There are 2 protein chains.
Amino acid sequence: MPPKAVVLFSGGLDSSTVLAIALSEGFEVYALSFDYGQRHKIELELARQSASALGAKQHKVVCADLRQFGGSALTDSIDVPKGREEKEMSSNIPITYVPARNTIFLSFALAYAEVLSANDIFVGVNAVDYSGYPDCRPEFISAFENLANLATKAGVSGNERVRIHAPLIHWSKSQIIKKGIELGVDYKMTHSCYAPTSTGLACGLCDSCSLRLKGFKDAGLEDPADYVHK
Amino acid sequence: MPPKAVVLFSGGLDSSTVLAIALSEGFEVYALSFDYGQRHKIELELARQSASALGAKQHKVVCADLRQFGGSALTDSIDVPKGREEKEMSSNIPITYVPARNTIFLSFALAYAEVLSANDIFVGVNAVDYSGYPDCRPEFISAFENLANLATKAGVSGNERVRIHAPLIHWSKSQIIKKGIELGVDYKMTHSCYAPTSTGLACGLCDSCSLRLKGFKDAGLEDPADYVHK
């Protein structure tokens, strides 16, 4: 039987690539998405479709309502910044940062992994194009792995170790895209926009769209997704 | 202005005492409870009432549905064990363990704290009467504090430190009760049972009731709460 892995999966470019990487390493994939009150809810619909298309064994969508706390343009009625230069994006922690989001998402992944008796969790965080999010740094991932091994039954018995895989952490967007294409990911099905139209069309101007479009350009490839502005 | 603290608050004996301790240390208290699909939902109603009675400034109930994953008698239709001896309770990780629950709860507390600009989080975990839960141990709390300081804006700027307070961690149940009474906690309003009746009456037989009743007995006090069996 193949080993099981939980993959944090938004249906975006990064996590779709991570899902393909986990499969290529021989894992049976259990994808996990969140309904966290995000304004771009269309991503959950697209995630449902693409998880099975990519080859996940199971896909769960968990309600974890972060709107209760506020504090981010991704969940509140704050405007998502558009048309920023790369330098602007990386200089500060942006308004699209959702407080403690990756900590919360990894905690749920840990619960799912424990119930499945899986020791492996994959997450698509990236420290290069990470737009200044504190919870996308390698030291954050190490600290979570340390915590995971104290928080669970496996950690108490000492027989197993939980591993947090962040294969994209040091890759540029163009490296991620090249790897995904090598593994057969159909990027037309992946969705990255922070502020899509109601039908799911990407804006082409927010930080996430800008980084994605630049990634394709750097890779010398055409982004197959549709955009309002491209 | 008093410093703000987030208190993880179930409305039970331990977290009610912790809330009183945080207030006694001069914090303005923001209480946080979870609707995690627990079978004993009456605890949320009682928590709403007692958070304000105890003196919390604000109380939030967040939906974090752990039933999706299963794996615990507290969220599934598995029987809650009753009438066990203390030795039985501590020998194994029990079926009432909810995978990664405290990791998830502390992660949400961290999000709430970050939005409030609070640096202090209180949690009522206890390593003495902890029924063998891996995420109630001091090393788990330390690992979470370490993570918290890497996961947040405060951790990145290095100007502030997040502190996880677990004041009950080395106390016996009777010590907790004595401290709470000293601080004026009305334990009639606190609710600890894993398997209450539909009107909220405690069973008196589950691990949680047994430890609570023993705690009052050891403290030489009468438990003011009502029970089916006492």
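This note sets out, point by point, how the predicted model is built, from the single chain to the pair of chains.

1. **Overall make-up of chain A.** Chain A contains eight helices and five strands. Read from the N terminus, its elements follow the order β-α-β-α-β-α-α-β-α-α-β-α-α. Chain A has 230 residues, of which 53% count as buried. If one takes the contacts in chain A between residues at least 6 apart in sequence, 72% of them join residues at least 24 apart.

2. **The sheet of chain A.** The five strands of chain A form an open sheet with parallel pairing, and their order across the sheet is S3-S2-S1-S4-S5. Strands S3 and S5 (163-165) of chain A are at the edges and have a single partner strand each, so one side of each lacks a neighbour in the sheet. From one strand to the next, the twist averages 25 degrees.

3. Strand S1 (residues 4-8) of chain A pairs with strand S4 (residues 120-122) of chain A in the parallel sense, over three bridges. Within this pairing, A:Ala5 has A:Asp120 in S4(A) as its bridge partner. Helix H4(A) packs on the sheet, where it touches S1, S2 (28-35), S3 and S4 of chain A, and its direction makes about 160 degrees with that of S1(A).

4. **The sheet of chain B.** In chain B, five strands with parallel pairing make an open sheet in the order S3-S2-S1-S4-S5. At its edges stand S3 and S5 (163-165) of chain B; each has a single partner strand, so one side of each is left without a neighbour in the sheet. The twist here averages 25 degrees from one strand to the next.

5. **Strand S2 of chain B and its partners.** Strand S2 (residues 28-35) of chain B is mostly covered, with six of its eight residues buried. Strand S1 (residues 4-8) of chain B runs parallel to S2(B) and is joined to it by five bridges; B:Val6 stands opposite B:Tyr30 in S2(B). Strand S3 (residues 58-63) of chain B also runs parallel to S2(B), and six bridges join the two. Here B:Phe34 stands opposite B:Val62 in S3(B). As a general point, side chains in a regular strand alternate between the two faces of the sheet.

6. Which elements make up a right-handed β-α-β unit? They are S1(B), helix H1 (residues 13-24) of chain B and S2(B). Helix H1(B) lies across S1, S2 and S4 (120-122) of chain B, and runs at about 170 degrees to S1(B).

7. **A loop residue of chain B.** B:Ala202 belongs to the loop between helices H7 (173-182) and H8 (207-218) of chain B. B:Ala202 and B:Tyr227 are 25 residues apart in sequence, yet 4.8 Å apart in space, C-alpha to C-alpha.

8. **The interface.** Between the chains, 37 residues of chain A are in contact with 37 residues of chain B.

9. **The symmetry of the pair.** In general, two copies of a chain are related by a rotation about an axis and a shift along it. In this model, a rotation of 180 degrees with 0.0 Å of shift along its axis superposes chain A on chain B, with an RMSD of 0.0 Å. That is the relation of a two-fold axis. Of the residues of chain A, A:Ala64 comes closest to the rotation axis, at 2.5 Å (C-alpha). The copies meet through the same surface, because 100% of the interface residues of chain A are also interface residues in chain B.

Terms used: Residues are numbered from 1 along each chain as its sequence is written. Chains are lettered from A and ligands numbered from 1 in the order in which they are written. This is a predicted model: local features need pLDDT of at least 70, side-chain atom pairs count only at pLDDT 80 or more; totals for chains, interfaces and linings use all residues. A residue is buried if 20 or more other C-beta atoms lie within 10 Å of its own, exposed if 12 or fewer, and partly exposed in between; C-beta atoms are placed from the backbone. Helices (H or I, at least four residues) and strands (E, at least two) are DSSP runs, numbered from the N terminus. Two strands pair if DSSP finds at least two bridges between them. A crossover is right-handed if, with the strands pointing away from the viewer, the path from the first strand over the helix to the second runs clockwise. Two residues are in contact if their C-beta atoms, placed from the backbone, lie within 7 Å. Copies are superposed by least squares on the C-alpha atoms of residues with pLDDT of at least 70 in both. Axes are lines fitted to C-alpha atoms, for helices over the stretch in contact, and angles run from 0 to 180 degrees between N-to-C directions.
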